[in-house]
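Please look through the following structure before reading on. The briefing after it is meant for someone meeting this structure for the first time.

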Amino acid sequence: MSTHLPTAPIAPPAPSAAPEEAAPEPQRRLTSSRSGRRLAYWLIAPAVVFMVLVHLAPTIGGVVLSFKNLNTFTFSQLFAAPWNGLANYRSILFDSANPLHSGFLGAARNTAIYTAASVGGTLAGGLGLALLLNREFPGRRAVRTLMLAPYVVPSFVVGVLWGFMFQSDSGVINRILVDGTGILSHRPAWLLDHSLLAIVIPTIWRGVPLAMLIFLAGLQSLPRELYEAAAIDGAGPWQRFRYITVPLLRPLIAIQLLFGVIYSAYQYAIPVVMLGGNPGPDADLMMTLIVRQSFSNNLFGFGAAASTLLTLAMLLWVAVWFRAFRRDLDSAA
Amino acid sequence: MRWSRASVLVAIAIMVLSLFAAACGGDDDDAGGGAEATDPASLKGQTVRLWIMNNGPHPVEDTEKIVAPFEQQSGIDVKVELVGWDVQFDRIRNAAVSGEGPDVTQAGTTQVPFFAALGGFEDLAGRVSQIGGKSAYAPGIWETTQVVGRDGTWAVPWFTEARTVLYRKDALEKAGVDPSTAFTDMDSFKATLQKLRSVKELGGKPIAPFGGPGKKAFDLVHNLMPWVWDNGGAELSEDNKSSTIASPEATKGVKFASDLVSSGLWDRSMLERDGQQVEDQFKGGRLAVFIGGPWVLAASKRSDDDTWSSAARKNLAVAPMPNGPSGKGYTFIGGSNLMMFKSSKVKDAAWELIKYLSSDAVQTKYADLMGMFPARLSPQKQQGTLDAEHEAFYQAISTQGRSYAPIPQWAQVENAYKGQFGRILDTGARGELSDAEVQSMLDKAAKEADGLLAQSTG
């Protein structure tokens, strides 16, 4: 694949200029452009080497291991472990007698639900808050700053905090919903009976501030005249939102959708802290499954195959996303 | 600057791969350097690196205190390094495979067969006669140093623990239960919990009859297997080739635990917590009965442990695990062993350290500090004479103790069981499960375990 690096344009000789002086100019520019390009290559070389060593090589290594029979007995051989062909993939995808198959399908389903719910909730929450904070009111700056607080809390801490808050007997959620307001008549065991919802909510809580910040920046750059003209034409608030705000924020929605899905599909810290390394069939996600099977059960071949499938799913998602939003990408470029 | 679509796609693809690589990133960046290269002719001046886990409140300081006399006598320097329980499995495995590790490491008793199977540990069979060999340890404890189907002695027992019933004397008194018969068998255990239901509050605090952690506990299998063993069940077939966790006997044992949850005798909110959190609930006075190890007893005597409510601390008592229908009771016996890395350059010095840590006096002293029991028979017996509580633990270790088959795949089989045990308890919290429902979930655990047992080198 070729990459297009920006190059300095070669100017045609000026017709009115003296011929003996005009000739060396393009030559000099060409030479300077070549040396500039060489410098650029040298400058990006460390980053390329770093990416190859730290990202590309381990990823390729993971793909190779996915074709190996790498388990408790062969772990010490690592890359020299016996070749297993497509057996790991077959057992994951098609072998209904293999418990790893149902575990994988369950985790894939949970991950899809978790991702859809957390990304949808984050974008909706972020947009809603941005619309609210885009209005003038006293203390707006302070509120905006406070709203950003969840984003600076590390995922691990988010898991610990919400794990405590969701405890059915002493957690603050039930204290509010049951003891304080009486909204619920019984004490739900969030971490047992609603485990997937219990990890979706903290994920949204942590993601909303960044989404809000991005949407707020977008809203503030939208031209006021459009809204004024639409209002004069009789468009109500909902119509103005539907036909002006949303289309103009589409590039921002697109980029957040892209990274939100990838982030959620690779989520590990929040479920593992709140529910443990084996969150059970209702909330086992792809990453908890992969880490558990690889590092606790020593099924590294299985883990590598499942990781490769997850990565392929993400690349497929990127392709779908690119097709759906390519016009927005062009207009933003 | 305008980017072509291809460039944007490539950039995004790299980002996806990078994020994935980051998400899967290991934590073995500090797996340790190589062993010291020293003159084998003299042990004096050699340095032995020892990996220990969080065995007590001050694990490194306590261990350094214990090895200080050894350093003085032998001239061997001991470098004690702490490796958390949360990462020790990965770190020891990686060190064994890479040959980049310490000289000696602590390892959980059930982990020894797996580590030994990696081929990175020294066979100590030729040396253990110097510390009394097999006869100096209880058979169940010595068995944890072996690997089924492989000759050799791959570890030396360091300290031992067994689970017993820990209860509040004041709670039993208020419920009108005689402690001497309260936990003799599974029926009386359940009857006691039912009576404890009437005790809603103690010392101004709400109290539940019983509680234990669920799927978040690393040792969930150790907590449930005694009920399985009591009912005549077992974790594996006699030849260790297949799982027997879905047998009718094992099902009965697991259902006993699940029924405690569904009947409300086992506080279901405890299932949302991990083992340490539930232990803290017991210490804080929220549970009347709890199943725990000797470290809880040791913690009750430590004034700096402020998780205890004064009533819970004052009224703590210990009883052996209940007997099953056959009249015999079981408990999981665990603890830690010491293993020597094959890559060690100071094997003789490392062995001298293991030998020192295996002496009766040092075993007693270290077990005292850690709140555990010595692994050797003689100091273990001595520890059991300290008071009634220690005696109950000693009885549990010597008469009820049972562990799992020392096979390399055990840790993975245990994970498979843990997953379904956690699920059964969670489901039990929503209502009573039938035998068939429990068995169907255990069938899944057995199927997964059979797959793990079938792992091969080919």
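What follows covers chain B as a whole and then a few of its helices and strands.

This is a predicted model, in which local features need pLDDT of at least 70 and side-chain atom pairs count only at pLDDT 80 or more, while totals for chains, interfaces and linings use all residues. Residues are numbered from 1 along each chain as its sequence is written, and chains are lettered from A and ligands numbered from 1 in the order in which they are written.

**Chain B overall**

- Chain B holds 19 helices and 13 strands, where helices (H or I, at least four residues) and strands (E, at least two) are DSSP runs numbered from the N terminus.
- The radius of gyration of chain B, taken over C-alpha atoms, is 24 Å, close to the 23 Å that the globule rule gives for 458 residues, so the chain is as compact as a globular protein of that length; the rule itself is 2.2 Å times the number of residues to the power 0.38.
- Of the 458 residues in chain B, 53% are buried, a residue being buried if 20 or more other C-beta atoms, placed from the backbone, lie within 10 Å of its own.

**Helix α15 and its surroundings**

- Helix α15 of chain B spans residues 360-370, and its buried residues are B:Gln363, B:Tyr366, B:Ala367 and B:Met370.
- Seen down the axis of α15(B), these buried residues fall within an arc of 100 degrees, so they line one face of the helix; the arc is that of the directions from the helix axis to the C-beta atoms.
- The buried residues of α15(B) pack against α2 (59-74), β4 (156-162), β12 (373-374) and α16 (377-384) of chain B.
- Just after α15(B) comes B:Gly371, which takes a positive phi of about 75 degrees.

**Strand β5 and its partners**

- In strand β5 of chain B (residues 164-168), 5 of the 5 residues are buried, so the strand is largely enclosed by the rest of the structure.
- β5(B) runs antiparallel to strand β9 (residues 287-292) of chain B, joined by 4 bridges, with B:Thr164 opposite B:Gly292; two strands pair if DSSP finds at least two bridges between them.
- β5(B) also pairs in the antiparallel sense with strand β10 (residues 316-319) of chain B over 4 bridges, and there B:Tyr167 has B:Ala317 as its bridge partner.

How values were computed:
A residue is buried if 20 or more other C-beta atoms lie within 10 Å of its own, exposed if 12 or fewer, and partly exposed in between; C-beta atoms are placed from the backbone. Two residues are in contact if their C-beta atoms, placed from the backbone, lie within 7 Å.
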